[in-house]
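Colleague: I would like a close look at a single part of this model, with the side chains taken one after another. Please keep the account connected.

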Amino acid sequence: MALDLRNIHPLSDFQRSAKSFLTTLKETQSPIVLTVNGKASVVVQDAESYQRLIDRMELLESMVGIRKSLDEFEQGKGIPLDEAFQRLREKHDIPD
């Protein structure tokens with residue numbers, strides 16, 4: 001999702017009309033960029049949209065990790081599952 005250039009506002013406007021901005025954030029679920037002295041300073045976003053963003057990032061990170069693991073295994077860097085479990089049992093003193 002790209003930032004909407006119409007959603008760039010001075011911090012002072014946000015401070016004066018915070019309730020109105022919060023209503024807009026919840027309705028549009030689009031982030032707002034707040035500026036200080038004309039420069040982007042912070043991005044404000046509703047909690048639900050932020051959580052969705054975090055969930056997506058976690059999913060993507062998991063996918064990248066899985067892809068990396070598959071690539072390493074295909075390159076012969078992996079070990080069979082039974083051997084991996086046996087190593088974990090030994091390392092953590094878990095009985096068979």
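In which helix do Glu48 and Arg52 both lie, and how many residues apart are they?

Modeller: Bearing in mind that this is a predicted model, Glu48 and Arg52 both lie in helix α3, where they are four residues apart, about one turn of the helix. The two form a salt bridge, in which the closest N and O atoms are 3.3 Å apart, and Arg52 is partly exposed, its relative accessible area being 32%. Ser49, which also lies in helix α3, is by contrast buried, because its relative accessible area is 5% and buried means under 20%; its side chain reaches the backbone oxygen of Gln29 at 3.5 Å.

Helix α3 covers residues 47–74 and includes Leu53, a residue that counts as partly exposed at 39% relative accessibility. Leu53 belongs to a nonpolar patch on the surface, together with Tyr50, Met57, Leu59, Leu60 and Met63, and these residues have about 590 Å² of accessible area together.

Further along, Asp71 and Arg67 are also four residues apart in helix α3, and so they are separated by about one helical turn. Their side chains meet in a salt bridge, with 3.3 Å from N to O, and both partners count as partly exposed, Asp71 at 31% relative accessibility and Arg67 at 46%. The pairs Glu48 with Arg52 and Asp71 with Arg67 are among the five salt bridges that are counted in the model.

Methods. Residues numbered from 1 in each chain as written. Predicted model: local features only at pLDDT ≥ 70, side-chain atom pairs only at ≥ 80, totals over all residues. Heavy atoms only, no water. Patch = residues over 30% accessible without salt bridge, like charges linked within 9 Å, V, L, I, M, F, W, Y side chains within 5 Å. Areas by Shrake-Rupley, 256 points an atom, 1.4 Å probe, with all protein chains shown as cover. Salt bridge = Lys/Arg side-chain N within 4 Å of Asp/Glu carboxyl O. Helix = DSSP H or I, 4+ residues; strand = E, 2+ residues; numbered from the N terminus. Buried < 20%, exposed > 50% of the residue type's maximum accessible area, 1.4 Å probe, protein only. Polar contact = N/O pair within 3.5 Å; in protein donor to acceptor, adjacent residues only side chain to side chain.
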